[in-house]
Structures are given as C-alpha cells and as structure tokens.
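Subject: A structure for you to look at

Hi,

Here is the structure I promised to pass on to you. Have a look around it before you read my notes below.

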Amino acid sequence: MSYGSVGKFKLDSTAPKRRQQGETSAAHEKFLRWAELGYPDFQVIADELGVKLVSIQRYNRQYQWEKRRDLELQRKNQSIGEQMYGTPTRSRANNVKSSGEMSIAAPPPIEKGLHRFALQFGSVISPGFEVDAVVDVMLTELENLVEGKAGGRLMINPPPRHSKTTCAILACVYSLLRYPDRGHILVSANGRLSALNNQLMRQLFEYAVPDGYKIKSDQKSKLAWSPDWEGGRVQLSASRGGALLGYTAHLAIIDDICGSVTETNSEEIMSLAMNTIGTSVMTRLTKDRAGKGAGLCIIAQRLGPSDPAARMIDRDKGKEKAGDRVVPWTVIASPAINPTTDEKQRILSDYPQSWDIKFPKFGTPGEPVSSRFTADFIDSLRAQMPPADFAAMYELNCSVDVGYCSWRRPYLVPVDPEDIKCRGSFIAIDMNLSGEKGSDTSSLVAVGAQDQKAVILGVHELRGHVEDTLPQILDYADRYNCHTLGVEKAAGGHYVLRSLNNNVAGKTFNVVPLSHEGRSKRNRQAKILGLAASGKILIRSDCPMIEVLHQQERSIALDRKRDRDDYADAANYAIDWVNTHWLASGFAPGDVRWMGGSGGQPGVTEAVWGRGSHALRRPVEGIDGIVRYKIDGFG
C-alpha cells in the first residue's frame, strides 16, 4: 500500500506504531519520537520537537496518538500468539464442559494474609487448631514463600505433632486462592498419607473457595483434583517415588518423605527419597504468570544423622568448604523445649553458614516451646523413647549415639614408654584430597609389634599440601625406625607412592600400597576388633591423641559419616597390616638404618633392615620327639 499521498486516516490496530494510511511522513516521525521518549506529556514532546503544543494536540486528534499508545502498551503484555492472531475465543459449544457445566473465569484473589486464612479455616481440617509459637513462625515463613520472589526454598524441622502438615495444606490452598493459575504438588512418605492429604486439601478448598466455584465434578481421583475455573491446574498429592511427569508445581511441599528412623537406615529408601527431592520435584518447579512461584518447601522432622535433612546439610557444607555456589535455604528450627543460649548456638552450628535459620519466639529455658504441650508430657516422652531418637526428634540433636557401638574404651590399652621394646615399625599414611584448609586431615600412624601385640607408637597430622608432606614422612620414618611404609591408594596417596618408590633425600623405602578393598571404614574397623577385644592393641600412654583416637573409632563404629575419622582410619590400616603380616607369623622387625652404598647408584642410601626375630615363638616338643614352635594366641 502506498502512503505517498495523504487521504482519509485509517488505523491498523494490529500495528499501531507503523505509519498508517492517510498519515504524513512528518507526523509519523513525530509519533515515533514520542514513543521513543516513553509517551510523555504533550508539552514535553512539543518542547523536544520545537513545535507549538496546539500542533501536537492536532496530531493527536487527527492520527489518534493516544489510542495507538494504548494499543501498543496492551500489545506488549500479550503473548506472541495473541499478538499474531488476537485473543482466542470459544464458541458456546466449546465453552460447555463434558459434565454440562459452563466454564467460568477465575475468582479474584483472596485477601493477603496466611495467618488470617489459617485462623478462619484451620479448624476445618484440624479441630482445635490454634496458632502457638511454632505455628506462628511456620505460617509467617510459608506466606513469605507463597508471596515472595520466585525460587524460594524453605525447610521446616520442628518435632512431631506440631501441626506441620496442617500448615502445609493451609499454605497450598491459600496459595491457590491467591494465585488461581497455580498448580501445587504435595509429596508424602507413602500412598496412604498422600490420599489422606489430598482429601484434606479438597475439604479445605471447598470450605474456603468463594461462592459459585467448586472442584471439577468429573475428577474422582484420590490423589488429584482441579478447580472448575478457566485455567485451573491440577492439585496433586503424590507419594515418595510417585510419577510426577506432566504435572506443574508453582509450589511444591515435601512432607516428611521418610516416616521413621528405620527408613533412614535403608540405603534403597534413602536413594529414592533423595532422588524425589533432588530430581523429580525439582524439575517440576515453574514460575506462575505473576513471575513468582517455583518455590520448594521440605518438611523434615529430624530422625537421625542419616535423614534427608542431614544429607542436604552435609552436601551444602561440603560445597561451602570447596567454595562452590550454595543455594540458601530458610530453615525453621525448633526443639520441643525452649533451649539455653548454648543449645541455640549448637543448633545454629549444625546448619551451613549460608542458610538462614529462623527460631520461634522462645520462652523460659526448659519449658515447652508450644503452649499446646506440657513439661510433664515432654518428660514422659523422654523417659519412654530411646535417647538417640528423642534427641533427634525433640532436641534437633543428631549427635547422640544410635544403638549398639562395637568400639569399647578398653580396646586401647595404655602402656608406659619404657616398657615398649619395638625395634621397627609399620607406618600407615591416609592422605587427604588437597591439603587445603577445610579438607580432611592427612594422617600418619606408626605401629610396632611386641609380645604378639600391636603397639601404637605415634599418631600425627601431616600438614600442608601433598608435596609438603614428604619431608615430614622422612622425619617420622626416622623417629619410629620405619621398616615398611603403607600408603592408601586414593587421593594424594598416589603422589606419595610414586615419590617414595623412588628415592627421597637420598633414601629409599620399602613401600606397600594400602587398599580399602571395597570395604567401608566400618567394615575395615571390624577386621581389628577381635585383636582389640583380646587386649592386644597397646598405645603409648603419653600419646596426646588417645582421646581423639577413641572418639574417631566410635564415630566409625556408629557410621557417623559427618565426623572426622582420618586418624582412626589410618590406625586401623596399620594395625590390620601388622596383625596379618607380622603377628600372625610371629615376626618382629629388627633395626632399620640408612647406611652404605646403593649398588653403584650415587647419592642414594638404601634402607638396611635387620632380619628380625621369631624368638617369641615358644618351643614345644611333640610326642614324636620333634621340637616345634608355638605362637601364643595362634593355634
């Protein structure tokens, strides 16, 4: 179409910024300049163009500037499809549901305020519902998750029976009535709980939804339902490991995905639970039309040192040490009893530093946090429950020993240094990953053999990076008259093995690799427990690491993966090697010294080992008259 001549003006509403039919080129340029400046007041554009105000007003009337502005602003808020094809409309036939009901527009958002909503409708799903100190902080943070920026993360850790699930269901229905285009997913530990929570969500929605709205009548699922307005999404209650593909979660709540301590001890169940949290639910999170949503809340009452919360805490603490990015979580942490200042500090220290910890309003230490419970009730629970379970669930303390511990304090027998007659030793080295600050300790343990017993001669830390440890190893090898040196084939151990198999500072070593053989640290410890129970593991009484070694051996026995255990692991390697290679054969190493030449290799001094002794064998004359040697403790 040619616009060379000016005729009657005709507006194309699909392209309001284009030059229109009947519009002069000069007038169109002035309109574009007005649009470029953000559609200011007419006096502003008149001053900008150096024309009179009446001229701009004439352009507005003649070429419909204001109408074109409104059309352009409206167009920016439309999808690409709406810009190209206009707003879709339905015929009357398509506007009728399969049930014969008419589709209706979504209701206006309810008034903001989850506390008000909970006070009004909480008793519908929880008779006697009240807002105590714990419920108050849960409602506050759940509302922040619903109303806040996209991608919020919330963890809720209060004890059992503190209305966590009730608050979660209230938050889901409140979120739906505030943002009617949202879909919600509520995940529970099993199908029974999922069906129950789905029924409670439906019941609450039917009470709280404005008049004229209801649940679609053609949906009879025990796990899902939808509101009957246009654009209403599926509201899903799923079980742990349930299929979530195809569902949308503008807000997802995972409600105690592990229901018992026993489940946290099952690697199969924990793997499924963590996959549900880290993959299945995470990939369903989506922003809503308001640009909010994609929020995740995990209700996770503490169950022990291997529960889902512990695994997430360990993961993010590890990322913090490594300097990796950590997504910050807001955590509602509340024990059953008002804590002291020291106890609050202990709870805070259990979480990653980047997480934001929220406490309820605490009262007098020793009294229940929730007004719905009495001190006698809490004391009764304490008296009847296993100490570890009570500490985890009601005190947020997962460090209490869980169950039977195979390590006993008498297993390390102190011996005076003057009574130690070992002439040679075996040194075990457990190298860390990098030697940098925050990583595990590189440990060295020297063990000798005496009177058919293993003697721990020294327990030491190797400081610095891997390459800095070689001079320290040489010093300890000299101090403990090292006969054989073992290095774990992992992490920095490969570097040490390569170095010590050659020559270091003019000395060569009898070096052996140590392998974990696919065993866990707990299983490796089990190999020395028989020797320990027989009182055949001695330790120098002046060793400053005795208490540390006891603590780490207990941590390994209790399978506390978060605790430091590097010294104990190196000691177990050394004791097991000495037991299987020396004690089992009655061998006791002799002196070790570096002297003499090296077979023509200049600058290298080989280690010379004494032949050792089998003097500890006791001669026994058999009935055939032949003298044989018997090792005490070995048949």
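Among contacts in the chain between residues at least 6 apart in sequence, what percentage join residues at least 24 apart? The answer is 69%. Please keep in mind that this is a predicted model.

The chain has 635 residues, and 48% of them count as buried. Its accessible surface is about 31,400 Å², with 49% of that belonging to carbon and sulfur atoms. You can find 20 helices and 21 strands in the chain.

Now for a sheet. Seven strands make up an open sheet with mixed pairing, and their order is β9-β17-β12-β11-β10-β13-β16. The edges are taken by β9 (413-415) and β16 (511-514); each has a single partner strand, so one side of each has no neighbour in the sheet. From one strand to the next, the twist averages 30°. Strands of a sheet pair through backbone hydrogen bonds, either parallel or antiparallel. Within this sheet, β10 (residues 425-430) and β11 (residues 442-450) run antiparallel and are joined by five bridges. If you pick I427, its bridge partner in β11 is A446.

The axes of α3 (residues 53-63) and α4 (residues 65-76) come within 6 Å and cross at roughly 65°. Angles of 65 to 115 degrees count as roughly perpendicular, and α3 and α4 are therefore roughly perpendicular to each other. Where they meet, α3 brings I56, Y59, N60 and Y63, while α4 brings W65, E66 and R68. The residues of this contact are four nonpolar, one polar and two charged.

Enjoy exploring!

How values were computed: Residues numbered from 1 in each chain as written. Predicted model: local features only at pLDDT ≥ 70, side-chain atom pairs only at ≥ 80, totals over all residues. Heavy atoms only, no water. Pairing = 2+ DSSP bridges. Helix = DSSP H or I, 4+ residues; strand = E, 2+ residues; numbered from the N terminus. Axes fitted to C-alpha atoms, helices over the stretch in contact; angles between N-to-C directions. Parallel < 35°, antiparallel > 145°, perpendicular 65-115°, else oblique. Contact = heavy atoms within 4.5 Å. Nonpolar A, V, L, I, M, F, W, Y, C, P; charged D, E, K, R; others polar. Buried < 20%, exposed > 50% of the residue type's maximum accessible area, 1.4 Å probe, protein only. Areas by Shrake-Rupley, 256 points an atom, 1.4 Å probe, with all protein chains shown as cover.
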